[in-house]
Amino acid sequence: MFTIRDKQGRVVAFSGRLLKEKKNTGKYVNSPETTIFKKSNVLFGFDRAVGEISRSTHHEFIACEGQIDCIRLHMAGFRNSVASQGTAFTEEHARMLRRVANSAILMYDDDAAGHKATIRVAGILLALEMPVKVVALPDGDDPDSFLCKHKPEDLQKLIDGGESIMSFQCRAEMAKEENPKSLDAVQRVTKAVLATVAKCTSPVLRAAMIDEAAGLLSLPASALNDEMEKAMSAPRPLAYAPTPQPQAKNDIEPEQAEPEVDEPPPDETPFVPEVAPVNAHKTIPPPKGEMSLMEFLLENEYDADVARLLRETDSQSALSHDFSRKFAEAWLEEVDSGTDHFAAFQQALDESERTLFDRILLGAGKAQASALPPSEIMQEHVRLLWKAELERRRGALPVDGDDETIVRRMELTTRIKRLRQAPWSVVEEIIASERTAAKG
C-alpha cells in the first residue's frame, strides 16, 4: 500500500497492488477520485521531489512510470523523481513541474507502450518550452530492477549520456520499419518526428530540434522546415477546440417552433447521401469531423469525463465510418482498463487503416491548446457529430414522401438548426429524443 500525497505532503488517497491480477484491470488500484484527490493533478513523489528540483543546478526532474520505480529512485539518491498517479501524464502535471523545473528526463519502459508514452509526454513538456532527455535502460529493466542489480553511479552515467527526444524518436520510429531507408519509410518517420517538433512552442528549441532531426535522417534542414511550415499552415476544417456556437437569444421549445420551409440555410450545402462501395471503409477516409474527434480523443487518453460524455450521448452510434467506431471502441477500452490498448490496436490495422491512424497521430500533434476544459471541447464535438447524423437521416428520407415523412423532415430541419446554437442542456434533450426515435 502507498500513501498518495498532495503538493503540500498531505495524505489524500491510497494505492495498492492487486494480489490477484484481473483481466482489463491495471496492476494497481487507487482510491476513487474525490474533491481533494484528482489523478490529473497529483504526481506521486512530487511533495518530496519539489525541493530537490528547485535546489538542483539545472532544475531537472525525472519522470518514471510506477510508484515502486519512484521510491527506488529516491532511495538511490535521485530525489528529483516523480511518477504519474496510475494515469497518463497530463498537462496539469506538466504545469505543476514547470513551476520548479526547467528540463525533464523521461525514464519509461523500453517497449512499444513505453516508447509511445515517452513521445506523448515529451510533446506535453515541449509545449511548455521544456527540453526533454530520454534514458532507455538496458535489458528491459525499469528503474527498480536496474537499481536492484547496479549501483546508483551506473544509473547516473546513463542519465549523463541520455539521448535527446529527437534522437530517441528517430531511433524508435526507424526500428518499426522493415526498410528504414526506403522513401515511404523516411516519409513516415519524418511525419512522426515533425508531429513532435510541432508541439514545441520555443522557436529556438524547435529550430535546434529540426537541425538535429535533419542530421539523424540525412535530410536538409531546409526541407524539414518547409515540410513543417506546410503542415502547420494547412487549413484545418475543425480545430482541436471547436469554436462553440453562439447561443440563441430566444430559444424556442420544439413544440413552439414555427413551421419552416425544408431548405438548407444559404451558407450550407444540402446533404446528399452517397452510395458507398464495397469495403468503403478501406478506401474512403472518415468525415473531417470524425477525424477531428479521433485526434481529440488521442490527445486526451484516459479522460474519464470525455469518456462519460461519449457514452451518455451514444455518440458512437453517430459515427458514420467503420474505422471511427473501431477507434472509439479501443479508446473507451483503454479508459476502462487504464492500460495502453492502442499498441495492440495499431498492430491489428491493415495498411490503409494504418495510414488513417498515422494521419490522426499527426493531427493530434498539431492540435492547438485551448483554455476550455476537455469536457467542454467534447460537448462541441458531440454537437457536430449529431448534427451530421441528423443531416444523414434527413437526406435518407424520400423527397416525395407522405405527410408523416414531410413532418419528420421538418422536425429534423428544426433540430439541426437548434443543434448549431442551443445550449448544451437542449442538445442533450435533442440527442435523447433522436435516440428514442431510432429505437422506436
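Is the crossing of H7 and H9 left-handed or right-handed? Hi everyone, let's work that out together. Keep in mind that we are looking at a predicted model.

Start with the two helices themselves. H7 covers residues 165-175 and H9 covers residues 203-217. Their axes come within 9 Å and cross at roughly 35 degrees. And the crossing is right-handed. On the H7 side, the residues involved are Ile-165, Met-166, Ser-167 and Cys-170. They meet Met-209, Glu-212, Ala-213, Leu-216 and Leu-217 in H9.

Now a second pair. Helix H12, residues 288-299, and helix H14, residues 322-337, have axes that come within 11 Å and cross at roughly 15 degrees. That angle is why H12 counts as roughly parallel to H14. Here the crossing is left-handed. H12 contributes Glu-290, Met-294, Leu-297 and Leu-298 to the contact, while H14 brings Phe-323, Ser-324, Phe-327 and Trp-331. Six of these residues are nonpolar, one is polar and one is charged.

How many cavities of 30 Å³ or more does the structure hold? The answer is one. The largest cavity has a volume of about 40 Å³. If you'd like to find it on your screen, look for its lining: Leu-106, Tyr-108, Asp-109, Asp-110, His-115, Thr-118, Val-134, Val-135, Ala-136 and Phe-168. That lining divides into six nonpolar residues, two polar and two charged.

Terms used:
Residues are numbered from 1 along each chain as its sequence is written. This is a predicted model: local features need pLDDT of at least 70, side-chain atom pairs count only at pLDDT 80 or more; totals for chains, interfaces and linings use all residues. Side-chain values use heavy atoms; hydrogens and water are left out. Axes are lines fitted to C-alpha atoms, for helices over the stretch in contact, and angles run from 0 to 180 degrees between N-to-C directions. Helices (H or I, at least four residues) and strands (E, at least two) are DSSP runs, numbered from the N terminus. Angles under 35 degrees count as roughly parallel, over 145 as roughly antiparallel, 65 to 115 as roughly perpendicular and the rest as oblique. A crossing is left-handed if the near helix is turned anticlockwise from the far one by less than a right angle, and right-handed if clockwise. Contact means heavy atoms within 4.5 Å. Ala, Val, Leu, Ile, Met, Phe, Trp, Tyr, Cys and Pro count as nonpolar, Asp, Glu, Lys and Arg as charged, and the others, Gly among them, as polar. On a 1 Å grid over the protein atoms alone, a cavity is a set of points where a 1.4 Å probe fits but cannot get out, and a pocket is an open set with protein on both sides within 12 Å along at least five of seven lines; lining residues have an atom within 4 Å of a point. Grid points are joined across faces, edges and corners, and a volume is the space filled by probe spheres set on the points.
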